[in-house]
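Open the model in your viewer and keep the selection panel at hand. The stops below say what to select and what is there.

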Amino acid sequence: MNEWLVFLLLFLAPVISSVPIVLAYKSEKWTAKLPPLSVFGIFVSVVMSLYILLVLPEDQQYSYAWIPEFGINFVFMCDYLSRYMGVITAVIAFFIAVYGLDYMKGDYRPSWYWFFYNLFTASMLVVVYSDNLFLLFVGWEGLGAASWGLIGHWFRDDDDITYVGREGRKAGPLVLHWPPSFGGWRAISTIRFGDVPMFLAIAAIWALSPTLNISEIEWGSLFGTIGAAGTIILLLCLLMGLFTKSAQVPFSEWLMTAMTGPTTVSALLHSATMVAAGAFVFIKLTWYIEPWTLHGVHGLEYVYLLVLFVGLLSGLYGALAGSGMLERKVLLAASTMSSIGLMFASAAASFWVGHLAVLVAFWYMAVHAFAKASLFLVSGHLIHATHSRFLCGGLEFGKKMITPFIVTIVATTFLVGIPPLTAYWVKSGMDEVMEHLFHEVGFLPLILLVLTSVVYAGIMAKFLSLNFIKGEKPHHEHTEGGGLMKLGYVLMVSVLFVLIYLIFTSEETAEFVHAGYAPVSFAVGFAVLIAYVVALSKPRISALTKLGTFFNDRMYLPVVNDYIMPKIGFFVSHLVQDYGNRGIDGFFNTKVIPGLFGGISRGIRTIQTGYLTRYINIVLGLVMFILIVVVVGGWWL
Amino acid sequence: MMDLSLLMMILGALLILVLCSVLSFKYRDLGFYGAIVAIILGSSAITLSAPHLIYYTAFVFAIGIINLASLKVIKSVIQGVDYGLVGLMVLVTLYIFTTQNLAMILAAFVLVSVPTYILVMVREGGANVEVGIKYITFMVLATVLFLIGAITLAYTKNAFNGLLYLLGYMMLVLGLSIEVGVAPLHEWVPDVFTSADPIPMSIIASLAKIVPFIVALRILISTSNSLTVSITLFTAVLAAISMFTGNIGALTSKEHARILAYSTVANMGYVLACVVVIIQPEYFYFALTGALLMLFANAMGKIGFFTAIKSGGAFSPTMYLLAFSFIGLPPLMGFWGKLFILFSLVKAEYIWLVALMVLNSAISIPYYLRLARELGVGWKANLTNFICIAVVIITLITFLPDWFFRGMEVIAQALRIAI
């Protein structure tokens with residue numbers, strides 16, 4: 001098969017297959033029938049991504065001219081990262097889509113949902129495979145637009161089950177209860193805040209480097225040209241896009257209120273797209289920048305140090321916030337933020353540790369993607385079954401919902417790093433990486449990592465316990481049906497077994513297995529196990545209720561999004577309204593510009609009398625005048 | 001040998017044109033078919049002898065055919081001769097890149113100009129003499145200035161004289177400005193555009209604008225020297241004045257034909273800006289690409305809009321697409337024209353002109369949209385709508401203009417003429 005056809009199908013099949021349902025948006029009959037077609041489009045992407053992984057050669061670049069003079073082309077790179085990440089993205093999107101056939105049945109705007117869902121998938125695939133930064137940015141913006149559409153999908157804000165936060169809950173000036181439309185807005189406004197500097201950074205790279213292809217840019221000499229300050233500014237601008245997209249502190253709030261979207265969206269958003277996109281792009285850039293070979297470049301170390309600590313702090317913050325949460329999806333959201341933080345941190349550690357750290361980050365992303373998507377899908381099913389978005393369900397309920405119960409056990413234990421389950425080996429690699437930082441950075445990274453891992457294990461166990469073992473009895477139980485939903489998350493969680501097989505058989509991950517036998521890793525794994533067991537038996541500690549509420553309120557970080565930023569906005573708008581408006585209005589709307597236009601327009605009109613003699617006078621006069629000026633001027637020259 | 005056969009084929013085409021025009025007094029349709037055969041013959045001759053010109057030839061061919069088709073809409077008093085005139089203009093426009101001879105190039109300039117003297121007077125059941133007088137007066141002035149300027153420039157190439165060069169440059173640019181309607185020498189444009197019949201106007205506003213620019217560019221490039229850098233500022237100012245005059249004039253006009261008249265003034269300003277890039281020869285092919293795409297986009301839009309005016313409206317989506325092309329929305333042809341012009345201006349370090357051009361594109365948005373809204377009607381299967389659909393398709397052909405751009409790179413290298 002031709003490569004260009006593979007790429008065309010990979011990216012366009014999801015989009016094109018969702019066009020019919022958009023066109024049929026007025027017909028309830030057709031919109032009920034067409035979703036399988038959209039799912040089929042994603043299936044085509046799965047096949048194509050598998051084809052790329054299994055048939056096409058590794059490290060091969062495919063370039064198709066668009067505007068080569070400007071260095072803007074369709075360039076796709078099938079390297080180690082993108083080949084696997086592409087399959088992960090497509091497969092997860094496909095499983096979730098299958099689940100969505102059941103979950104979204106009877107929704108009030110299926111056309112909107114399926115179009116943006118498929119666009120979301122296609123955009124992420126563009127981000128994953130593109131080697132050209134400009135093309136990557138196209139996919140990146142597609143992610144932003146689709147996430148806005150999906151998070152605010154239930155735009156009518158008419159059902160509390162779609163909200164985030166508890167109704168009526170307030171803390172000072174903050175109202176801690178967010179509707180879907182607000183969630184969509186918070187997402188897009190936060191992301192834009194980072195996208196603009198990122199775009200400027202790409203523009204700067206375009207100006208400084210002969211190519212925009214990530215794999216071909218001479219990063220070392222690029223950084224050399226712009227010096228330490230330039231390097232720091234450039235990378236910070238780029239990182240603004242990545243941090244906002246990946247919801248790292250202090251830009252994490254949008255992710256929490258993104259839980260107002262349908263659960264399928266949360267699942268995709270948290271596993272293989274959107275938040276993962278930021279971390280993935282950082283991993284990919286680091287893969288090609290190879291910062292461990294650039295220790296001579298001034299400024300680079302500071303940037304990587306910043307990412308390391310932003311990642312670790314986000315990890316700890318997310319885990320702690322999650323420990324106080326009682327909403328199913330928001331708890332998982334906080335844990336995702338924590339995991340993404342760890343990905344950033346270990347990828348950043350590559351500056352000192354080398355290639356291994358990037359691999360660790362990538363593999364953790366893969367394991368996390370499948371486990372977290374499974375958990376989200378389970379919680380979506382639970383929300384349907386109990387008609388509550390809060391954690392609830394005892395052992396009796398658990399016995400009725402045996403499939404999701406088992407899936408949750410597998411997904412949580414495999415994700416937190418209990419030996420010898422999947423994530424343990426990857427986490428061991430991460431422990432080793434952080435331990436290696438001792439000489440340059442000290443023990444702090446390792447301490448933060450261990451703390452995060454322990455709290456993280458606790459919140460996962462809490463999720464399991466409060467949903468199936470020790471939670472309150474749900475007010476409403478609807479445990480029958482949901483066949484496609486079950487199929488979706490069973491398929492999803494079973495990939496974790498494939499991953500453990502891959503970890504043991506693949507060459508690249510041999511070091512993880514080796515690290516898994518180290519005493520330090522084993523000690524951390526044991527601590528994680530203890531935390532898991534303790535939290536399982538005691539998911540809520542009444543003595544810590546106040547602390548829990550503080551964590552549940554995300555340590556009042558919403559104050560940035562909902563109080564400080566609006567205050568700044570209102571201040572500016574008041575400034576404009578009270579002082580600037582008259583001037584601006586006068587300049588643009590009433591006096592200067594309209595006057596200028598009116599004047600010029602009158603001038604243009606008065607010339608046009610219709611009399612030839614007048615025209616001739618004007619033109620000849622002008623020509624003569626100009627020629628005389630030229631003659632005089634030319635003489636003088 | 002090749003040149004000789006090319007010349008023979010062109011001459012053959014001319015012969016067919018003349019014969020058919022004469023015979024068309026008796027059989028009107030013969031003029032139409034004769035013109036088509038002549039254009040096909042001319043296009044194949046050019047393509048055979050200069051394959052790299054294929055895209056340019058194809059575009060000119062398409063414009064010519066559409067112009068001929070649109071003439072079918074009216075019944076003029078000069079029967080089939082009008083087809084012959086358009087055919088002549090197309091042949092000359094096709095031929096202009098293939099010769100290196102100054103005399104031939106200047107003859108081409110005149111040959112594209114003169115048929116419009118007659119075309120402008122064409123209307124149903126009579127002749128528009130008043131418009132004709134106004135138009136011809138200006139054209140004669142323009143032609144005289146242009147020719148004297150061109151000859152003076154050619155003279156200074158061999159016997160350099162700074163003053164003469166400046167005078168020649170000025171006369172050429174001023175002649176060009178009057179010819180195509182660059183402000184502040186545009187006085188004839190609004191009057192003629194509004195009082196002449198829309199169909200011949202669509203030809204004058206499309207086909208007739210291409211050759212003058214190419215001729216001027218070729219002469220200016222061939223004669224450029226160290227003085228060009230300083231005199232270029234004059235052209236840039238002229239271009240800026242034309243953009244503003246055109247756009248503000250159009251913005252504050254109500255009559256459709258008048259809006260199109262001022263839009264032409266603005267567009268000619270954009271194209272004139274390309275002349276500035278002569279000072280950066282290595283980037284000139286960007287400017288040439290931009291100028292030609294702009295001229296083609298302008299031609300397509302003008303044909304569509306004028307035909308719509310004649311028939312009291314055309315299919316709404318086509319009107320909007322043409323408006324978007326004029327405004328410069330990607331991926332329509334107008335966008336690429338502006339993009340390449342802007343890019344070449346950046347390379348020529350005329351940043352202020354870039355800023356003004358972008359500003360002017362913004363000013364133009366309201367009136368193009370208004371035009372599209374007022375001229376847009378429902379679908380009807382008639383000639384007007386087919387013409388509009390044809391021009392829209394051509395406007396969309398440059399979705400990815402890489403191929404066109406590559407062709408221009410080759411053409412730009414052979415732009416200089418033997419003096």
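**Stop 1**

Select B:Pro331, which lies in the loop between α14 (316-327) and α15 (333-347) of chain B. Helices (H or I, at least four residues) and strands (E, at least two) are DSSP runs, numbered from the N terminus. This is a predicted model, in which local features need pLDDT of at least 70, side-chain atom pairs count only at pLDDT 80 or more, and totals for chains, interfaces and linings use all residues. Residues are numbered from 1 along each chain as its sequence is written, while chains are lettered from A and ligands numbered from 1 in the order in which they are written.

The bond between B:Pro330 and B:Pro331 is a cis peptide bond, with omega about 5°. Next, select B:Pro184, in the loop between α7 and α8 of chain B. The peptide bond from B:Ala183 to B:Pro184 is also cis, with omega near 0°. Most peptide bonds are trans.

**Stop 2: a helix pair in chain B**

Show α4 (residues 81-95) and α5 (residues 102-119) of chain B, which pack at an angle of about 160° with their axes 9 Å apart. Axes here are lines fitted to C-alpha atoms, for helices over the stretch in contact, and angles run from 0 to 180 degrees between N-to-C directions. α4(B) and α5(B) are therefore roughly antiparallel (under 35 degrees counts as roughly parallel, over 145 as roughly antiparallel, 65 to 115 as roughly perpendicular and the rest as oblique).

Residues of α4(B) in the contact include B:Leu85, B:Leu88 and B:Val92, and those of α5(B) include B:Leu111, B:Val112 and B:Ile118. Two residues are in contact if their C-beta atoms, placed from the backbone, lie within 7 Å. By class, the contact of α4(B) with α5(B) has eleven nonpolar residues, one polar and one charged. Ala, Val, Leu, Ile, Met, Phe, Trp, Tyr, Cys and Pro count as nonpolar, Asp, Glu, Lys and Arg as charged, and the others, Gly among them, as polar.

**Stop 3: where chain B touches chain A**

Select both sides of the contact: 25 residues from chain B and 24 residues from chain A. On the chain B side, α6 (129-158), α7 (162-180), α8 (188-195) and α11 (228-251) each supply at least two residues. α7(B) gives the largest share of that side, seven residues. The chain B side has 16 nonpolar, five polar and four charged residues.

**Stop 4: positive phi in chain A**

Select A:Asp59, in the loop between α4 (35-54) and β1 (60-67) of chain A. A:Asp59 is not a glycine, yet has a positive phi of about 55°. Then go to A:Met274, between α11 (263-271) and α12 (275-289) of chain A, where phi is near 45°.

Are these two residues buried or exposed? A:Asp59 is exposed, with 10 other C-beta atoms within 10 Å, whereas A:Met274 is buried, with 29. A residue is buried if 20 or more other C-beta atoms lie within 10 Å of its own, exposed if 12 or fewer, and partly exposed in between, with C-beta atoms placed from the backbone.

**Stop 5: the largest core**

Finish at A:Ile92, one of the residues with the most contacts inside the largest nonpolar core, which has 206 residues. Helix α15 (residues 355-386) of chain A gives the most to this core, with 22 residues. A nonpolar core is a set of buried Ala, Val, Leu, Ile, Met, Phe, Trp, Tyr and Cys residues joined through C-beta atoms within 7 Å.
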